[in-house]
Every structure is written in structure tokens, then in C-alpha cells.
Amino acid sequence: MQKIVTQTEMYALEHAAVAHGATWEGLMEQAGWGVAQVALARLGDPKGRRVVVLVGPGNNGGDGLVVARHVHDAGAQVALYFWRRQFAPSDANWQRCRTRGLAETMAADDPTQTSLRKLVAEADLVVDALLGMGTSRPVEGPLAAIIATLQPPRRPLVLAIDLPSGVDAGTGAAPGGAVCADLTVATGLPKRGLLLYPGRRLAGTLELAILELPHDYLETTMSDLLRAAEVQPLLPARPPDAHKGSFGKVLVLAGSLHFPGAAYLACAGAARVGAGLVTLAGGRAVLGSAMRLPEATLLPLAEGDWGAVGPGALAELNKALPNYQALVLGPGMGQGEATGEFLQRLLGLETPKSRVRVGFLIDSNSDEATENAAPDLPPTVLDADGLNLLAKIEEWHERLPRERFVFTPHPGEMRRLLGVEQLPADLVATACEAAKRWGQVVVLKGATTIIASPDGRNRIHDGANPALATAGTGDVLAGVIGGLLAQGLAPYDAASLGVFLHGAAAARVRATLGDAGALASDLLPELPRAMLELR
Ligand SMILES: NC(=O)C1=CN([C@@H]2O[C@H](COP(=O)(O)OP(=O)(O)OC[C@H]3O[C@@H](n4cnc5c(N)ncnc54)[C@H](OP(=O)(O)O)[C@@H]3O)[C@@H](O)[C@H]2O)[C@H](O)CC1
Ligand SMILES: [K+]
């Protein structure tokens with residue numbers, strides 16, 4: 001499993017490695033040697049190739065000096081450009097470069113970067129070893145000017161060691177600008193900032209230089225990179241003697257007059273990942289969606305305002321719910337008052353008192369519990385308007401039954417759930433803390449999607465795809481996760497596999513249609529193909 005680390009976790013791992021007998025110098029040698037191998041593979045025959053290494057003041061610069069030595073020893077012509085690094089005889093890696101006679105330029109002697117521009121213009125490869133995990137503030141002044149000499153379009157290949165200089169290792173932020181690399185070789189383990197935007201974009205292709213780190217430290221709360229190997233075992237089995245009842249039933253409550261298509265997309269998403277039966281619940285507004293998917297059954301519900309679902313729908317819905325193994329709630333359902341009241345009562349949140357009566361609804365029109373007493377909800381995906389309506393309910397997270405929901409917010413919905421104007425910079429920590437506090441699985445959607453479990457586990461999906469930036473793709477994802485929940489996956493696994501399959505289907509769409517013009521519904525036929533590919 002590929003772990004992703006914060007600076008704190010990485011420094012702790014390095015200390016643990018030293019406690020187990022490694023040396024700092026040895027770790028740096030391993031890191032630099034690993035990076036040099038990637039550099040040499042990119043350079044092809046190193047003879048006569050020109051390499052410039054930009055060396056900063058810290059250990060990232062130290063890695064750069066190790067790379068410089070190995071690339072020189074392999075036959076390339078290496079020049080060193082130092083920024084804020086003072087020579088000291090104890091700097092063994094610099095000393096080794098001096099012994100080899102590598103050319104040196106000091107940034108302090110090149111205030112207008114004239115020498116640097118010439119070096120860069122003649123180089124085949126620039127190695128960025130200015131700053132790594134130690135980046136602690138926005139880039140400015142001479143450092144910004146040095147970084148500016150690497151601007152595209154005319155420039156050599158740029159390889160960043162560990163992180164592109166200027167990218168925050170924890171959040172991926174680059175407030176003062178940063179090196180825009182063609183590839184980044186992470187040392188030991190990839191840092192979170194390499195997966196989060198804009199860091200992910202600035203890093204280019206990601207590669208890894210292996211460090212020997214003590215593995216028992218890897219199994220704590222570090223993030224996992226969501227990859228095929230991790231999710232493949234989660235695919236539900238399809239025994240030959242199976243029947244539709246084997247794969248669960250999903251109830252989808254989605255769509256409204258304004259968003260009729262959301263219902264279709266969510267239902268079809270659930271069906272396309274193998275749910276046995278999908279039922280669409282709603283008023284006349286969603287009839288069109290039901291017609292588009294003849295395989296779905298329909299649960300007609302009493303309508304509130306403008307065809308939206310209102311509290312009158314509860315009786316029918318509660319009767320039906322025990323027959324379903326998963327519920328998808330919210331895509332395009334609207335945010336009208338009646339729908340809000342419906343949701344509040346469906347979730348048992350109509351009065352603070354109901355906290356102690358989870359699973360039973362009180363009909364506010366009657367003094368006593370009605371015969372419509374609600375069953376416990378099955379595992380439920382709460383998405384889009386469902387989340388927006390939930391966010392309006394006072395103290396919702398203290399009163400909602402825990403470990404029952406997968407929340408699938410995009411950043412705007414996440415802000416509303418958290419009740420903040422702006423999301424904190426550290427999105428992984430934000431998703432993880434929310435999942436813990438709310439007791440629900442949180443899928444924080446974005447170019448990089450974060451899946452966080454209440455128990456602290458979290459997975460990061462590196463699936464940016466411009467083809468996905470179109471209306472309705474979130475509705476498909478909600479349906480996909482619902483379809484997997486119905487097949488018996490635990491919420492965290494259903495969310496993880498769902499995000500992976502959705503991303504894999506999107507990659508297939510992009511491969512045939514390109515970056516623009518794909519429709520959310522184009523994902524649907526690709527979902528079974530993505531599953532087939534994964535099996
Ligand atoms: N620890 C190990 O054994 C290994 C580490 N590896 C590599 O080391 C770096 C992390 O090294 P570190 O020395 O902690 O940090 P950096 O080299 O990234 O940089 C620290 C210096 O940078 C200055 N700084 C930070 N931000 C800025 C900024 N925006 N502008 C100017 N200067 C900045 C900071 O100086 P101060 O002024 O704050 O004192 C530091 O001096 C890691 O990324 C790996 O590459 C090896 O890979 C493995 C072994
Ligand atoms: K760097």
C-alpha cells in the first residue's frame with residue numbers, strides 16, 4: 001500500500017529510522033542516489049548532457065549535491081548553482097563535488113540571474129534542490145527570481161527533488177509561486193502536498209526514491225494512495241448461481257422539477273456497478289428519469305411544493321425502506337422548505353428530543369408516534385441538496401446516528417456542513433477531522449478526492465480529470481457508492497471503490513472524447529468496463 005505523509009510524519013519516520021541504526025547521511029545518500037537514477041533514466045546517454053543543480057540551504061540542497069555527484073560520475077556535465085548555502089568543510093556532499101571539480105555559481109554573485117539564465121538555456125536538465133519539506137513561507141525576493149528563470153515554454157526538463165520548491169508539503173499550497181516541474185521524485189514517501197492542488201499540478205509526473213524506513217511506523221494514521229491494488233479485493237464477488245436478490249436493492253431519492261436528470265444519473269450509477277435492483281422514489285418530476293431507465297422500479301411519493309418531495313412522502317417511504325439495503329439521498333432533490341422538513345423528519349432530527357428516538361419518527365401533525373414509525377435507515381449516501389439541507393439543521397451532527405452515512409460533499413457543500421466561509425488549507429486534515437467528529441465516512445470531492453473514515457483511516461485519490469468537470473458527475477458517484485453499499489460493502493470501502501471506479505470510468509471517457517464535451521451520462525457505460533478491467 002502506498003502511504004502518503006505529512007512533514008511531521010516524515011520527520012518522525014526519519015527519526016525512527018535513525019533510532020533503528022540508520023544515519024542521516026546514509027538516508028541522504030539513498031535519497032540522492034534514487035533521484036539520480038530517475039534523472040539518468042530521463043537523460044538517456046549522459047555523455048555530453050548538461051545538468052544544472054539548484055542547491056538550497058537545507059537537506060533538500062544536500063540531496064541535490066548527492067544527485068550532482070552521481071550524475072557527474074555517470075558522465076554528464078554538471079554545474080551547481082547555490083542559493084543561501086554557505087560552504088563548510090563539514091558539508092561532505094559539497095566537498096565531494098569540489099573534489100570532482102564541478103562548476104559553481106553563487107546566487108549572491110548573480111543578482112540579476114544573468115549567469116543562471118545562461119546555464120538554464122544551455123541545460124538538458126535542471127534539478128530543483130532549493131527547498132523541500134522545509135518550505136515554511138511564501139517564496140519571494142531572489143528565490144522567486146531564481147524560480148522565474150524556469151518558466152515555460154522554452155526551458156529544459158525540470159526535475160524537483162521531493163517537492164517543487166515553494167509547494168507546502170502538507171497542503172499543496174504555493175502562495176508565493178513555486179517551481180513548475182516536469183517530474184518530482186519524492187524521497188522515501190510522497191508528501192501530501194504532492195497530491196493536493198496546486199502542488200499536484202506543479203509536481204508533474206510523480207516518482208519515488210526508495211528509503212529504508214521502519215515499516216511498523218507506516219500503519220498508523222498516514223494516508224493511503226487509492227490505487228487499483230488496494231480496491232481490487234473490494235470488488236463484490238459475482239457467483240454464477242447469483243440472482244438479483246444477491247446484489248442488493250438501492251432506493252434512490254433524487255431529482256426535482258429543476259434537476260430531473262439527477263435522478264436518472266444516480267439510479268443508473270447504482271445499476272451500472274451491479275446493484276440487483278434500483279428503485280427511484282419521487283413525485284411526477286422524476287417520471288422522465290424513470291422512463292430513461294426502464295430497468296428501475298418506481299416508488300411514487302406524495303409531492304410537496306412544485307413537485308418536490310415533502311413531509312407527505314414519509315409514510316410511503318418508511319413502508320418501503322425495510323426492503324432496501326442502501327439509500328441514496330439528495331442529488332438534485334431541491335432545497336425547498338417542504339423538502340427540508342421531509343429530510344429533517346426522515347433523519348429523525350425534527351426536534352432535539354428525537355435524538356433519543358433514533359429510528360422512530362414523530363409526526364408533528366399528531367401528538368403521538370404514528371403507525372409510520374420509521375425504520376432505521378439502511379447505509380445511506382447523503383449528497384448534494386441532501387447535505388445542503390442537513391447543514392441548515394441545528395446541531396445535526398450531534399443528533400444523527402453515527403456510522404450510518406457516506407457524505408459526498410464538494411468543497412462548497414463541505415463549507416456549509418462545517419459552517420465556515422472558507423475551507424482550511426489542509427483538506428486532508430479537514431476531511432479526517434470531520435469524519436471523526438461526525439462519525440460518518442466523508443468523501444471530499446475535488447481534483448484530488450479524499451475519503452476519510454471515522455476511525456482515522458483515509459485514502460487519497462489522485463484522479464484529476466477535466467472531463468469530469470461537468471454537471472451530473474457527482475450524481476453518478478452518489479449512485480455508484482449506493483450500488484456498492486447495497487452489495488454489502490462497508491461504507492468506507494464502498495466510498496473508496498466507488499471513487500476509484502468513477503475515476504477509472506472517467507479516464508476511459510477522456511481517452512475517447514478528450515477533455516471537453518463529455519457528459520456525465522457517458523460515464524455510465526464505462527463503469528462496468530472499469531470493473532471488468534479491475535477484476
Ligand atoms: N532528514 C533527512 O535525513 C532526510 C531529508 N531529506 C531531504 O531533506 C528535505 C528536508 O530538509 P530540511 O533541511 O528540513 O528542509 P529544506 O531543505 O526543504 O529547507 C529548509 C530551509 O529552507 C528555508 N526556507 C524555508 N522556506 C523558505 C522560503 N519560502 N524562502 C526562503 N527560505 C526558506 C529555511 O530557512 P529559514 O530561513 O526558515 O531558517 C531552511 O533553512 C526533504 O525535503 C528531503 O529532500 C532526504 O530526502 C532524506 C533524508
Ligand atoms: K525541491
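## Basis

The model is predicted, so local features need pLDDT of at least 70 and side-chain atom pairs count only at pLDDT 80 or more, while totals for chains, interfaces and linings use all residues. Residues are numbered from 1 along each chain as its sequence is written, chains are lettered from A and ligands numbered from 1 in the order in which they are written, and side-chain values use heavy atoms, with hydrogens and water left out.

## Around ligand 1

There are 24 residues around ligand 1, and Tyr11, Asp63, Gly132, Arg137 and Asp162 come nearest. A residue is near a molecule if one of its heavy atoms lies within 4 Å of it. The shell has eleven nonpolar, eight polar and five charged residues. Here Ala, Val, Leu, Ile, Met, Phe, Trp, Tyr, Cys and Pro count as nonpolar, Asp, Glu, Lys and Arg as charged, and the others, Gly among them, as polar. Helices α1 (7–19), α2 (24–43) and α3 (59–73) each supply at least two residues of this shell; helices are DSSP runs (H or I, at least four residues), as strands are (E, at least two), numbered from the N terminus.

## Polar contacts

A polar contact is a pair of N or O atoms within 3.5 Å. The side chain of Glu14 has an N or O atom 2.9 Å from a nitrogen atom of ligand 1. For Asn60, a side-chain N or O atom is 2.8 Å from an oxygen atom of the ligand, and for Asp63 a polar side-chain atom lies 2.7 Å from a ligand oxygen atom.

## Backbone features

Helix α18 (residues 491–513) has 23 residues and should span 33 Å at 1.5 Å a residue; its end C-alpha atoms are 32 Å apart, which agrees. The expected span is 1.5 Å times one less than the number of residues. Just after α18, Gly514 has a positive phi of about 85°.

Pro198 is in the loop between β7 (183–187) and α7 (199–203), and the peptide bond from Tyr197 to Pro198 is cis, with omega near 5°.

Terms used: Polar contact = N/O pair within 3.5 Å; in protein donor to acceptor, adjacent residues only side chain to side chain.
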